[in-house]
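Let's take a walk through a protein model together, one piece at a time. Keep the picture open beside the text and look for each part as it comes up.

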Amino acid sequence: MSKLLEAYRLRVRRKRKLLRAIRKRRELRSVADRTREIRPGDILCFTTLRNERIRLSYFLRYYRDLGVDHFLMIDNASDDGSREFLAEQPDVSLWTTPHSYKRSDFGTDWINGLLRRHAHGHWALVVDVDEFLVYPFCDTRPLGALVDWLDASSMRSFGAMLLDMYPKGPIDAVPYRAGQDPFEIASWFDSGNYMLEKNPVYRNLWIQGGPRMRAFFGDNPERAPALNKIPLVKWHRGNAFVESTHMLLPRGLNLVYDQWGGERISGCLLHAKFLDTFREKAREELNRRQHYANSHEYRAYHERLSKDSNLWNQWSEKYINWRQLEVLGLMSKGNWA
Amino acid sequence: MKLFPAAPSDPSLGVILLVHSSLARAAQVARHWAESGCPLVIHVDKAVSAQEHAEFRRALAGLPDILFAPRLRCEWGKWSIVRATQAAAEIMLESFPEVRHVFLASGSCLPLRPLADLRAYLERRPQTDFIESANVEEVPWIVGGLGQERFTLRFPFAWKKQRRFFDAHVRLQRRLGYCRRIPEGIVPHIGSQWWCLTRRTLTAILEDPRRREYDRYFSRVWIPDESYFQTMARLHARRLESRSLTLAKFDHQGKPHMFYDDHLQLLIRSKCFVARKIWPKADLLYNTFLQTRESQPCPSEPNPNPIDKLFASARERRVRGRTGLYMQSRFPAPGRENGLTCAPYSVFEGFSDLFTDFETWLSRTTGARVHGHLFARHGAEFEGGQDVFAGGLSSSAAVRDRNPRLFLASLIWNMRGEHQAFQYGPDDSPEAGHLIAQDPNARISVITGAWAIPLFHSSLNFNVIRKIAALRQRAEAAHVDLLRSHATRARVRIWSLAEFMENSMENLQIIADTISPRAMRKLTEAPRLANLAGFGKFLQDLKNHGMHPYMMGNFPPDNIQPIRLRPSGARPRIMK
């Protein structure tokens, strides 16, 4: 009985989330709508951003090369030329909004609204501009091969943990240039300090760890940011992201892991957050207070980084390729061969 | 550029092509078969749109010896696919009298070797039928649990689209004890759907006087395309080789594996004639294998072993996973881990109290990574007092205690290949004590009562010492009870302090041997023993104050040290 009740409660939550998404869609103003060019079977990429001009060229190139067919992007009041740049791209549809990021549930409502309208029946990739998807065989097989295989395996979602990347030395020692591969600078990561816990209601795994937990949240690790992500989903108009891309409803979509001892397929989202751009960003976000839990995360960063901004240590691992992440056990091929 | 016709026409091999998706690729492959001189009969699924079908026909226009079978709507696991094959086979046999072998292929099959090779191969075996055909009662490969029952139950619901009804209906029939009669004279066999039969066998199957009866029966069997020809061939074949000439591999769910561009070398080396399924956008594979290669005929046998191995390891990864790894897509429920950690490790209790340099001595003698108290309340004491250890593990107590189980599993995983050892004692987190007791990989060596030695040396107020001693004794007693209980899966060795000291060198030898069993060297150096002069008296003092220490065994109050131990500060004594 209580199980039924729980299922019903989640259903109500999902419906409410969808209603919110529809309502919040009014906050978006179209800048360049090229969605008519979307063909059946296209892989779509959804992104919200604010003042990320310097990152955009590499971001678009990376995902175009992987095989994303169309980008649907939301600009949250950028004033650094991001909007103008994106509006010119032939495979980008762009919306803009001056409204509060926080009050749209950190962008989730906006994204859900666009997903519902444009992604039904498509594979949708939802990433930030500093997140770069790595999946098994990504150096030889395009994203299309992955989603075809997921389709054939009757899998509707694909998990990819956030892997925080950082440079060796102070994070602002080497400036990032527009168009550059950020992992030429931030090429290091923590290979084995991740804590996992199952969320009994949503059934997703809650993952914490990496350099952020180690360096910023050593005293209260439960506040460390969540690293579990489900960025690639075969979209149905009834789906909804709940907290960023950490979890979804219906909750069956969150079961991207095996519970019987085996391994399912998974990838990683390489996170190019810790570059020289970060300190500026952290200060800005601290002032805007538009982030989760009163931006306590950014406060922690600010505090630590003003003392010492080196995240590197002798156990840091230097990134080579997806096979390395697979061997280290950060992601898995599952039964894809 | 390919010149047409590329190969001399030799119509001894006919190909039936079943096509239902990726028609552009199917047309390419059909063209390849045809240009190599094979007569073709193509069945295009009725679900394919008229426009796509027309395009497909146009792409093949002008090629000789291509016929089209009447189109049926083929549903997975249903009879229609066999029906379509039968019709195509009839057309083939009737229209191409020179055909001696008929090869069944699909639009997503790709020939890997020049067809001349295949023809030569078949020419050398003119009477042989190549069809994988195994007695259903004797093979374990069936996915989904339906073996014999495929032949004795009824399946009105589609497995892919009406799964619930399908399963419920199967359960219902089982409960009712329903059982279809298998026609007399046939023994159900199953095997790969892709075969290559001789004209003689195929004709005999199609012209069998009881064919109507068999067809009626098989039309209600589940997945008849894997059993109809496989069973019938057993009735009519003269020389049956139970293997398929088509390389097709299935995963643990019965779904065919795909081949991609990065499999190119593997496919070339496999020397198989035909492979499926090929990902339709694998341009490199299609471009490579569809070139007509005017090479010398190569008589080598197909050898799919490396490919089998690749897919077997993928299956292993999916079904068993990597033991001791907890990650985003492997998070086993309790009891389903296939092992809590990935490698053996050692836990020492009391040793670093009894020996002042135990940790450095152990790492020197065995080469193991020796940590301090990993589960100390103030934080993890990693080797050499590092703040961060392998994989980025933090020494912070808060971070570690967020999930001690994963902390330990991660440590062992991160250092796989190197033996890990750490200290544990009654002051450490009791939860960790439970963890190690449950783990068959833990080798736990305990000297009970050794915790009293640091107290003996401490300059604390005696009342405080007394209290600490009581707490430690209680904690250790509980822990030792746990280690001795039947629930403990770790390998455990327990000595009392007195027992251990009676024969300390031999006991140390045992420990060293378990860590590096192959070395089996005699210990040449002992760790430095703590000063125990007056220890017996200290214990007696505790007793006199009402706190009875018993975990260390019997120490006479008159301060007699076990004779075989060297006194503190002396040169290490070399045992015989």
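In this predicted model, helices H8(B) and H9(B) cross in a right-handed way. To find the pair in chain B, look for H8 at residues 211-218 and H9 at residues 228-236; their axes are 11 Å apart and the packing angle is about 150 degrees. Angles over 145 degrees count as roughly antiparallel, and therefore H8(B) and H9(B) are roughly antiparallel to each other. Which residues make the contact between H8(B) and H9(B)? From H8(B) come B:Arg211, B:Tyr214, B:Asp215 and B:Phe218, and they meet B:Tyr228, B:Thr231, B:Met232 and B:Leu235 of H9(B). Sorted by class, this contact of H8(B) with H9(B) holds 5 nonpolar, 1 polar and 2 charged residues.

Now try a second pair of helices in chain B. Helix H3 (residues 80-95) and helix H7 (residues 199-206) of chain B have axes that come within 11 Å and cross at roughly 125 degrees. That angle makes H3(B) oblique to H7(B). Is the crossing of H3(B) and H7(B) left-handed or right-handed? The crossing of H3(B) and H7(B) is left-handed. On the H3(B) side you will find B:Gln86, B:Ala89, B:Glu90, B:Met92 and B:Leu93, which meet B:Arg199, B:Leu202, B:Thr203 and B:Leu206 in H7(B). The contact of H3(B) with H7(B) divides into 5 nonpolar, 2 polar and 2 charged residues.

Step back for a moment to see how chain B is laid out. Chain B is divided into domain 1, made of 13-145 + 186-319, and domain 2, made of 345-544. The C-alpha centres of domain 1 and domain 2 of chain B lie 64 Å apart.

Next come the sheets of chain B. One open sheet has 3 strands in the order S5-S12-S11 (chain B), with mixed pairing. Strand S5 (110-111) and strand S11 (246-248) of chain B stand at its edges with a single partner strand each, so one side of each has no neighbour in the sheet. S5(B) pairs with strand S12 (residues 274-276) of chain B in the antiparallel sense, over 2 bridges.

Another open sheet of chain B has 5 strands in the order S14-S17-S13-S18-S19, and here the pairing is parallel. Its edges are strand S14 (369-373) and strand S19 (491-496) of chain B; each has a single partner strand, so one side of each is left without a neighbour in the sheet. On average, neighbouring strands of this sheet are turned by 15 degrees against each other, direction ignored. S14(B) and strand S17 (residues 420-424) of chain B run parallel and are joined by 3 bridges. Within S17(B), B:Ala421 is the bridge partner of B:Val370. Helix H16 (residues 404-414) of chain B packs on this sheet, touching strand S13 (345-349), S14 and S17 of chain B, and its direction makes about 150 degrees with that of S17(B). Helix H21 (residues 504-515) of chain B packs on the sheet too, touching S13, strand S18 (442-448) and S19 of chain B.

Finally, look at some backbone details. A cis peptide bond joins A:Leu249 and A:Pro250, with omega about -5 degrees. A:Pro250 sits in the loop between strand S14 (247-249) and strand S15 (267-271) of chain A.

Key:
Residues numbered from 1 in each chain as written. Chains lettered and ligands numbered in written order. Predicted model: local features only at pLDDT ≥ 70, side-chain atom pairs only at ≥ 80, totals over all residues. Heavy atoms only, no water. Axes fitted to C-alpha atoms, helices over the stretch in contact; angles between N-to-C directions. Helix = DSSP H or I, 4+ residues; strand = E, 2+ residues; numbered from the N terminus. Parallel < 35°, antiparallel > 145°, perpendicular 65-115°, else oblique. Left-handed = near helix turned anticlockwise from the far one by under 90°. Contact = heavy atoms within 4.5 Å. Nonpolar A, V, L, I, M, F, W, Y, C, P; charged D, E, K, R; others polar. Domains from an automatic or database assignment. Pairing = 2+ DSSP bridges.
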